[in-house]
Amino acid sequence: MIRLTEMPEITFPADELPDAATILMVEDNAEVRAMGETLLVDAGFAVHTAGDAAEALAMVESGLPFDLLFSDIVMPGKLDGEGLSAEVTRLRPGTPVLLTTGWTDRAREHAGHRPEWDLIAKPYRQTDLVWKIRMLLERGAVGL
């Protein structure tokens, strides 16, 4: 099931920025992709981007190293963000997955039919996105 987590209002002091981690960001909207990449890079992450799920899956299958998948759910093509997440989970068990959508109500309606992935609603703020990614990476690091 996708979890919708309430995020507290937080800011990260410069000495508490996340350790370098690599994010694979998948977003079909070029403007949203550029904005998300900028937010992540400014927060200290290395970022690889893909414009659709098929491109991202090819990157994963080629052995691209990354620590977390951050993907839009609704994308054109045969494979959407959920299908990509399932493939990444199959190919790289334990890889944290963060999904995003502007259709949060729709995601809630179908949450009972989905694997245990986390969700952040669009539009997202940098503090919320960084908090969520840090939480997922830390949870993954301790094997939860």
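Arg-33 sits in helix α1, residues 30-42; helices (H or I, at least four residues) and strands (E, at least two) are DSSP runs, numbered from the N terminus. This is a predicted model, so to speak of local features we need pLDDT of at least 70, side-chain atom pairs count only at pLDDT 80 or more, and totals for chains, interfaces and linings use all residues. Residues are numbered from 1 along each chain as its sequence is written, and side-chain values use heavy atoms, with hydrogens and water left out.

Back to that arginine. Arg-33 is buried yet has no salt bridge, and the nearest side chain of opposite charge, Glu-55, is 6.4 Å away. Buried here is under 20% relative accessible area, exposed is over 50%, and partly exposed is in between (1.4 Å probe, protein chains only). A salt bridge would need a side-chain nitrogen of Lys or Arg within 4 Å of a carboxyl oxygen of Asp or Glu. On charges, Lys and Arg count as positive, Asp and Glu as negative, while His and the chain ends are not counted. Leaving out residues up to four places away in sequence, Arg-33 touches Met-25, Glu-27, Asp-28, Thr-49, Ala-50 and Gly-51, where a contact is heavy atoms within 4.5 Å.

Zooming out, the protein has five helices and six strands, and along the sequence they follow the pattern β-β-α-β-α-β-α-β-α-β-α. Buried residues make up 43% of the 144 residues.

Now for strand β4. Five of the five residues of β4 are buried, so the strand is largely enclosed by the rest of the structure. Leu-68, Phe-70 and Asp-72 are on one side, Leu-69 and Ser-71 on the other, and both faces are covered.

| Strands | Sense | Bridges | Residues standing opposite |
|---|---|---|---|
| β2 and β4 | parallel | four | Val-26 and Ser-71 |
| β4 and β5 | parallel | four | Leu-69 and Val-97 |

Leu-69 belongs to β4 (residues 68-72) and has 0% relative accessibility. The C-alpha atoms of Leu-69 and Val-97 are separated by 4.8 Å, with the two residues 28 apart along the chain. Beyond its neighbours within four places in sequence, Leu-69 is in contact with residues including Leu-24, Val-26, Leu-84 and Val-88.

Some of these names come back in the largest nonpolar core, which has 19 residues: Leu-24, Val-26, Phe-66, Leu-69 and Leu-84 touch the most other members. Such a core is a set of buried Ala, Val, Leu, Ile, Met, Phe, Trp, Tyr and Cys residues joined through side-chain atoms within 4.5 Å. β2 (22-26), α2 (53-61), α3 (81-91) and β5 (97-101) each supply at least two residues of this core, and the largest share, five residues, comes from α2. A second, separate core of 18 residues includes Ile-120, Tyr-124, Leu-136 and Leu-137.

Finally, the aromatics: the count comes to one aromatic pair. Rings of Phe, Tyr and Trp (its six-membered ring) pair if their centres lie within 6.5 Å; planes under 30 degrees apart count as stacked, over 60 as edge-to-face and the rest as tilted. Phe-70 and Tyr-124 are edge-to-face, at 5.6 Å centre to centre and 65 degrees between the planes. Phe-70 lies in β4 and Tyr-124 in the loop between β6 (118-121) and α5 (126-141), so the pair ties together parts 54 residues apart in sequence. Phe-70 is buried at 1% relative accessible area, and Tyr-124 counts as buried at 8%.

Methods:
Pairing = 2+ DSSP bridges.
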